[in-house]
Each structure stands twice: as C-alpha cells, then as structure tokens.
Amino acid sequence: MARRPTAQDVADLAGVSRSSVSLVLNGRGDGNIAAVKQQAIVEAARQLNYRPNALALSLRSQRTWTVGVLTWQGALGFPQRLLHAAGETAAAGGYLSILMDMGVGHVYEPRAVTSLLDRQVDAFLVVAPELVEFRPPEAILGTPTVLVNCIDPEHHVTSIVPDEFGAALVAAQILIDHGHRRIGLLTDDAPTAQVRERVAGVHAAMASAGLAPPVLWAGAGEIQHGAALARDALSGSSAPTGLVCVHERLALGAVLAAAQLGLSIPEDLSVVSLEDGEYLAADLVPPLTTVQRPDRAMAEQAVLTLMRKVAGAETEIRQLSFVCPPDLRASTGPAPA
C-alpha cells in the first residue's frame, strides 16, 4: 500500500516550511505567507492528494472540517468546473464538501440548509451556474459564508464574481480592433444579471468606439435557437460582419447558420463567444475566439477566503471581481472589404 502523503511532503514539494503548510491549509496564510507561496502550497497539496487526518483535526480544533455547498441547475446545467475546483481546494485544506442541490427555483433550499446545519458544517459555499443575485437565507448568516458567481444585493456576505461587463466589453473590442463596424449580438432572453451585464458591456464598447448600438437578437439559449437567431441576423442587406454570442451554445448555432448560408469564418463572418463552459467552442472548425470565465481562480479564492473566515483571520471583504481573459482563436479576422 502506498504511503499516505504528509504535510512535510507538501512542504518539500512547495519548497516551504511545514509550519507554512499548516498556516495556509488552515486558512491563516494571509499576512503570514506570501501569495505566491500560498498558491504553491495549494498546488502541491493537490498534486500529492494530501489529506490531513480529519479526526485529529476535529479533536484539536472543535470543528467538523466540513463545508456545506449549496448549488442548483441553470439553463446550461450545473456549474461543474466551479464545483470541481472548489472541492479540490477544500480537500487540500482538509475539508470535506457536502453538496446539496437546491433545485430549480430553490424549492429545496430550506431542506438543504437544515440538513447542513444539522451536520454542524463549519461554513457555507453557494455556487451559482450563472451570475445572479442571491439572498442568503437568514439561517446561515451566523456561519462563515461565501458566494461564488452570485451577488448578495444586501452585502451581508462575501461574493466572488466574474467581471461580466468587462468580459463583454473585451469581446466587442476584439471585433472593433479587427475593423468590424456592423456587429450583432446574440443573447438568450433569461432575465439574469449575467445577461444584463454582457449586453451592457457590448453596448459600452461600441459607444466608446463611436459606433451605433449593436443589433440584438434574443431568444432561448439552445443551439437550434442560436442558429435561428443567426439566420435572421445574417440574412438582411446590412448583415453584421461580426457576432458576439453571450455563450457557446448560441455561438455554435451561429456557426451552423453561417455554414447553411454559405458564409466562411472568419473570411465572411467573425464570431466571439462569451465563455466556453461546456468545451464546445474550442472543438469547432475553426475554433472559436472566447472570453473565458476564470472558474478555477474564483473557486480557489472563494474556498481560501472561507477557510480564513472559519479560522477568524479574514478581514471583511464584500465583493471580489475577477477579470475574464480572452482566448484568441481562428474565428476572428479582419472585417470583409
């Protein structure tokens, strides 16, 4: 049987002291350990699959070393990448994650919260599939809580969110920088903060460039709906030469519509997708330019913040916004002459 990795093994791999490992994995790294070394420790623990002895930790600290994770299914499914990264980071810090699905419309929220409180979880992590407002139930406000990809409008708890407005601004700017002046926007009609921010970002980029507002085509968010929206957008006499799609299902539909209309990408049409949460955009031919939501970075930051809160070492941070980086691929090119 393979030897179970120890905290010293983590320290050796990360090039730090054992006490540094203890501080970081117990949520007390800030102010004591440099950020780059904290990241190295988390990565080393993940590589080694290091798990502290849960029983010993509980006896010493009078904690359960469990995190209650509340989530639900959105239009594009569960936030798998966020949940996976959060679970990995929590495990590296010695925490067991208990995942509870609150159901569509949060119908199971009271039951989920009660079940987790009955198990005396040390903290709550709320993980949303898309950016929305979320009011934490009063029952959890006395327990360390962090929201991921959702915002508490009353700012009772910390929110870790992507800069969706900035992401959309970057997406439109990519097309503008390639000389496109007729830019369309394909969006779903879900009334979420994510959709509002992405639409507003595209408008802001075009206004800043002195361009007319983008023509907006809105409908349901599945691939077939994206194809129908794109066919409408591309069939007119003043069809756009560039499209921003608020997510990859609409972008895939736009690519299918372009092929049906005999348009080449990027020679006749450039396409940018906001995120590729289902890994669809990268597998197309040509692969789509995307602006990615930094799921792993957000989830890791959320869990580390939560651990510091449990340890009593976290200063009160109400909201952290993460930049969404562009991934330039072959679906964007110069505007047709």
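Colleague: Where is Q120 found?
Modeller: In the loop between α6 (109–118) and β3 (123–133); helices (H or I, at least four residues) and strands (E, at least two) are DSSP runs, numbered from the N terminus. Keep in mind that this is a predicted model, where local features need pLDDT of at least 70, side-chain atom pairs count only at pLDDT 80 or more, and totals for chains, interfaces and linings use all residues. Residues are numbered from 1 along each chain as its sequence is written, and side-chain values use heavy atoms, with hydrogens and water left out.
Colleague: What is the phi of Q120?
Modeller: Near 55 degrees, a positive value in a residue other than glycine. Most residues other than glycine have a negative phi.
Colleague: Is Q120 buried or exposed?
Modeller: Exposed, with a relative accessible area of 57%. Buried means under 20% relative accessible area, exposed over 50%, partly exposed in between (1.4 Å probe, protein chains only).
Colleague: And what about the phi of N49?
Modeller: N49 has a positive phi too, about 55 degrees, and is not a glycine. N49 lies in the loop between α3 and α4 (54–61) and counts as partly exposed at 47% relative accessibility.
Colleague: New topic: which residues does a cis peptide bond join?
Modeller: I265 and P266, with omega about 10 degrees, and V285 and P286, with omega about -5 degrees. P266 is in the loop between α10 (248–260) and β9 (270–274), while P286 is in the loop between β9 and β10 (289–291).
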